[in-house]
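Please find below a colleague's note on the structure that follows, arranged as numbered points. Each point can be checked against the sequence and the model.

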Amino acid sequence: MKVIAVLGSPKENGFSSTLAREVLRGVADAGHQVVIYEINKMNVKGCQGCRYCKENNVDCIIQDDLKPYWKDLHECGALLVSSPNYAAQVCGPMITFMNRHYCLLDKNWKVRVHAGIKLIGVFSQGNGNPETYVAQYNWYLGDFQNRAMVLVDKLIHTGNQLLTSDCELMRCAYSIGKNL
Ligand SMILES: Cc1cc2nc3c(=O)[nH]c(=O)nc-3n(C[C@H](O)[C@H](O)[C@H](O)COP(=O)(O)O)c2cc1C
């Protein structure tokens with residue numbers, strides 16, 4: 001199975017990316033193929049609202065670094081999205097990325113990607129209470145669920161807690177990947 005990960009933190013070894021990569025270590029150990037997109041290193045434009053996708057029943061035609069992503073998405077069995085929390089929400093580039101999935105609904109609002117892509121959300125926030133931004137994370141993941149993806153798990157790292165290789169969150173991350 002192909003598993004796509006879209007990492008949102010500008011910090012390569014930030015908390016959310018570290019946790020996401022631990023999920024992916026499990027995914028790789030389970031024998032799956034991993035494709036990683038690091039949004040901070042990519043040129044990704046916002047949805048232009050042109051509706052070309054709707055009128056022509058195609059993936060987004062913007063010629064930017066998301067171009068190979070659409071093919072991967074149609075081939076994948078799972079999608080992992082990770083993000084730091086900026087200003088009480090998923091970070092801006094990840095929202096820009098999410099908006100581009102407008103093309104996955106046709107003009108009759110029918111989903112035009114295969115149903116059942118497994119979805120994993122990984123988030124990191126300074127606030128120590130994991131409940132504080134759950135509504136925001138659910139809103140974000142909901143856009144993918146509205147495209148017939150199935151939420152497998154959501155990991156929330158809080159309060160700058162150190163992510164040691166044997167801590168509970170990292171063990172949980174690995175096992176989500178391994179059992180995907
Ligand atoms: C611009 C900015 C805004 C932030 N806003 C919030 C916030 O509203 N609530 C919060 O809990 N943490 C906030 N943080 C803290 C980050 O979410 C936290 O440091 C997180 O662990 C970073 O994740 P990363 O290491 O994966 O990049 C903010 C950090 C930055 C840089």
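1. Helices (H or I, at least four residues) and strands (E, at least two) are DSSP runs, numbered from the N terminus. The model is a predicted one, in which local features need pLDDT of at least 70 and side-chain atom pairs count only at pLDDT 80 or more, while totals for chains, interfaces and linings use all residues. Residues are numbered from 1 along each chain as its sequence is written.

2. The C-alpha trace spans about 50 × 35 × 25 Å along its principal axes. The radius of gyration, taken over C-alpha atoms, is 16 Å, which agrees with the value near 16 Å for a compact globule of 180 residues, the rule being 2.2 Å times the number of residues to the power 0.38.

3. Two totals describe the packing of the chain. Of its 180 residues, 36% count as buried, where buried means that 20 or more other C-beta atoms lie within 10 Å of the residue's own, exposed means 12 or fewer, and partly exposed lies in between, with C-beta atoms placed from the backbone. Among contacts with a separation of 6 or more, 77% join residues 24 or more positions apart, a contact being a pair whose C-beta atoms, placed from the backbone, lie within 7 Å.

4. Helix H1 deserves a paragraph of its own. Its 15 residues reach 21 Å from first C-alpha to last, close to the 21 Å expected at 1.5 Å a residue, the expected span being 1.5 Å times one less than the number of residues. Because 11 of the 15 residues of H1 are buried, this helix is largely enclosed by the rest of the structure; the buried residues include Phe15, Ser16, Leu19, Arg21, Glu22 and Val27. Their cover includes strands E1 (2-7), E2 (33-38), E3, E5 and E6 (150-158), together with helix H6 (168-178). Just after H1, Gly31 takes a positive phi of about 95°.

5. In helix H6, the buried residues are Met170, Ala173, Ile176 and Gly177. Seen down the axis of H6, these residues fall within an arc of 120°, so they line one face of the helix, the arc being that of the directions from the helix axis to the C-beta atoms. They pack against H1, E5 and E6. Leu169, also in H6, is partly exposed, with 19 other C-beta atoms within 10 Å, and, leaving aside neighbours within four places in sequence, is in contact with Leu19, Leu155, His157 and Leu163.

6. Which residues have a positive phi although they are not glycines? One is Trp109, at about 65°, in the loop between helix H4 (92-99) and E5; with 8 C-beta neighbours inside 10 Å, Trp109 counts as exposed. Another is Ala148, likewise at about 65°, in the loop between helix H5 (134-145) and E6; with 15 C-beta neighbours inside 10 Å, Ala148 counts as partly exposed. I would ask the reader to look at both loops in the model.

7. Finally, two further loop residues. Asn57, in the loop between H2 and helix H3 (67-75), is exposed, with 12 C-beta neighbours inside 10 Å, and touches Asp106 and Arg112, not counting residues up to four places away in sequence. The C-alpha atoms of Asn57 and Cys103 are 8.0 Å apart in space, although the two residues are 46 apart in sequence. Gln48, in the loop between E2 and helix H2 (52-56), is also exposed, with 12 other C-beta atoms within 10 Å, and its C-alpha atom is separated by 38 Å from that of Asn179, 131 residues away along the chain.

Definitions and conventions: Two residues are in contact if their C-beta atoms, placed from the backbone, lie within 7 Å.
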